[in-house]
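Dear colleague,

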Amino acid sequence: MSKVSGSNSKACAPVRKEKDTVQTSQRKHAEETITKEREQAQLARQRLEDVLEAMPLAVVIIEAADGKFSFVNKRAMQLYGFDTLGLDLKENVAKVKAKRADGSDYPIEKMPVSRSLRLGVEVHNEEMIIENAKGKAFPIMASTAPLRNN
């Protein structure tokens with residue numbers, strides 16, 4: 001009986017080794033696929049940022065969860081007069097004065113971006129005046145929209 005047991009264990013060893021080789025190969029393939037997908041996602045993100053930077057419009061992305069600026073292109077930095085990246089909306093409004101087209105104050109809760117964040121609505125071509133941190137006033141047409149991760 002010991003010979004039969006010995007022959008069974010010898011027969012199982014190549015099968016186990018082959019199984020380990022297949023699993024290692026599958027794992028390596030999965031890791032390569034993940035690496036390629038990450039590289040493609042990074043390239044797509046960089047391409048999008050390049051397009052947003054090249055635009056002659058001020059573009060910002062504000063996260064709904066915490067109200068922080070997560071993207072600010074160069075034109076927006078020029079408009080605001082400082083880098084708002086990482087600031088929250090209230091900190092930005094404290095440094096930049098927003099007025100309605102008629103010159104009256106624009107309460108933060110009524111601003112297009114606040115309405116998009118709070119109510120999930122799109123706002124198009126709303127005339128405003130922004131006085132940046134350096135005291136320079138700019139008339140703008142604000143358009144805002146919620147971005148959804150669908």
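A pocket is defined on a 1 Å grid over the protein atoms alone, as an open set of points where a 1.4 Å probe fits, with protein on both sides within 12 Å along at least five of seven lines; its lining residues have an atom within 4 Å of a point. The model is predicted, so that local features need pLDDT of at least 70 and side-chain atom pairs count only at pLDDT 80 or more, while totals for chains, interfaces and linings use all residues. Residues are numbered from 1 along each chain as its sequence is written, and side-chain values use heavy atoms, with hydrogens and water left out.

The second largest pocket is lined by Arg45, Leu48, Glu49, Leu52, Glu53, Ile61, Ser70, Phe71, Val72, Met77, Asp83 and Leu85. Five of the lining residues come from α1, the largest share. The volume of this pocket is about 270 Å³, a volume being the space filled by probe spheres set on grid points that are joined across faces, edges and corners.

The largest pocket has a volume of about 1200 Å³. Its lining comprises 39 residues, of which Val60, Ile61, Val113, Ser143 and Thr144 are the closest to its centre. Strand β5 contributes the most to this lining, with five residues.

Turning to the strands, β3 (residues 97-100) and β4 run antiparallel and are joined by four bridges, where pairing requires that DSSP find at least two bridges between the strands. Seven bridges pair β4 with β5, also in the antiparallel sense. Ile129 of β4 stands opposite Lys99 and also opposite Pro139 in β5. In the hairpin of β4 and β5, five residues lie between the strands, and Gly135 takes a positive phi near 90°. Asn125, found in β4 (residues 123-131), has a positive phi of about 55° although it is not a glycine.

The largest nonpolar core has 15 residues, and Phe69, Tyr80, Ala98 and Met128 have the most contacts inside it. Such a core is a set of buried (under 20% relative accessible area, 1.4 Å probe, protein chains only) Ala, Val, Leu, Ile, Met, Phe, Trp, Tyr and Cys residues joined through side-chain atoms within 4.5 Å.

How values were computed. Helix = DSSP H or I, 4+ residues; strand = E, 2+ residues; numbered from the N terminus. Buried < 20%, exposed > 50% of the residue type's maximum accessible area, 1.4 Å probe, protein only.
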